[in-house]
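Me: I am new to this structure and would like to know what stands behind the terms used for it. Please set each value against its cut-off.

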Amino acid sequence: MSRKKLPRFEHNRESPLVLEPGKEIYETIKGNWRDRYFLNSNPLVLEIGCGRGEYTVGLARHYPELNFIGIDRKGDRIAQGSKQALNEGLTNVAFLRTDVFKLLDFFGKEEVNEIWITFPDPQPRISQVKNRLTDPRYLALYREILTHEGILHLKTDHDDFFDFSVQTLPANGFNDLITTHDLYRSDMNHLHLGIKTKYEEIFTRKGFSIKYLKCKKAGY
């Protein structure tokens, strides 16, 4: 274990913003985010695979009337987002340390209003497609926890992954897709709010266009 990770793990143990194994609230938070953590009735927004939490913190900064939860399995990553949120005094932020496939252990049916997926691993090999975060098995989890007409956002630089997602979402319970293959040159440019993840910074410097989509959970 690197020396940098040790203080980050220690931060997570002490931080009120980090929910991880060993904390009592970690086992009892499902269905209770508003009552037990945020202490308000505001909408819940998740960032799946939040990494260092740039988007989670950035959105929380812009929308104090919403509650934001960054989810990642890597504790050393979310520690960085937690530190930033604490430094800024943000009270509408939480970080949950878990794997995406365990979402139903932490969120009740229709408890979540929006989900952001920002620059996930595109899993480019054919054998990896089932691991894409817009694969049908993950979309089923999102549908379970999203409210009626809950919103899903996706940002990526990867053409194949984006096209895969555009095809998969309507076939798995999401509709009203709005898409662009070049966010910063489109009329949806304002949606990025100046927030960029580490990987987005790298990709844009290399000249890659940023793809974005927004859709809703379809009703039945």
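Me: Where is Asp 121 found?
Reply: In this predicted model, Asp 121 sits in the loop between β5 and α6 (136-145).

Me: Why is Asp 121 called partly exposed?
Reply: Its relative accessible area is 48%. Buried means under 20% and exposed means over 50%, so Asp 121 at 48% falls in between and counts as partly exposed.

Me: What makes the pair of Asp 121 and Gln 123 a polar contact?
Reply: A polar atom of the Asp 121 side chain lies 2.9 Å from the backbone nitrogen of Gln 123. The cut-off is within 3.5 Å, and 2.9 Å meets that distance.

Me: Why is Asp 99 called partly exposed?
Reply: Asp 99, in the loop between β4 (93-97) and β5 (112-118), has 25% relative accessibility. Buried would need under 20% and exposed over 50%, therefore Asp 99 is partly exposed.

Me: Which record feature includes Asp 99 and Asp 121?
Reply: An unreviewed UniProt entry places the feature "binding site" at Glu 47, Asp 72, Asp 99 and Asp 121. They are spread over 75 residues of sequence but cluster in space, with a largest C-alpha distance of 14.2 Å. Of these residues, Glu 47 is included in the lining of the largest cavity.

Me: How do you know that β1 pairs with β4?
Reply: Two bridges join these parallel strands. Pairing asks for at least two bridges, so β1 and β4 pair. Val 18 stands opposite Phe 95 in β4.

Me: Why are β1 (18-19) and β7 (174-180) placed at the edges?
Reply: The open sheet of eight strands has the order β1-β4-β3-β2-β5-β6-β8-β7. β1 and β7 each have a single partner strand, so one side of each has no neighbour in the sheet.

Methods:
Residues are numbered from 1 along each chain as its sequence is written. This is a predicted model: local features need pLDDT of at least 70, side-chain atom pairs count only at pLDDT 80 or more; totals for chains, interfaces and linings use all residues. Side-chain values use heavy atoms; hydrogens and water are left out. UniProt positions are given in the numbering used here, feature names are shortened, and annotations may be inferred rather than shown by experiment. On a 1 Å grid over the protein atoms alone, a cavity is a set of points where a 1.4 Å probe fits but cannot get out, and a pocket is an open set with protein on both sides within 12 Å along at least five of seven lines; lining residues have an atom within 4 Å of a point. Helices (H or I, at least four residues) and strands (E, at least two) are DSSP runs, numbered from the N terminus. Buried means under 20% relative accessible area, exposed over 50%, partly exposed in between (1.4 Å probe, protein chains only). A polar contact is a pair of N or O atoms within 3.5 Å; within protein, one must be able to donate a hydrogen and the other to accept it, and residues adjacent in sequence count only if both atoms are side-chain atoms.
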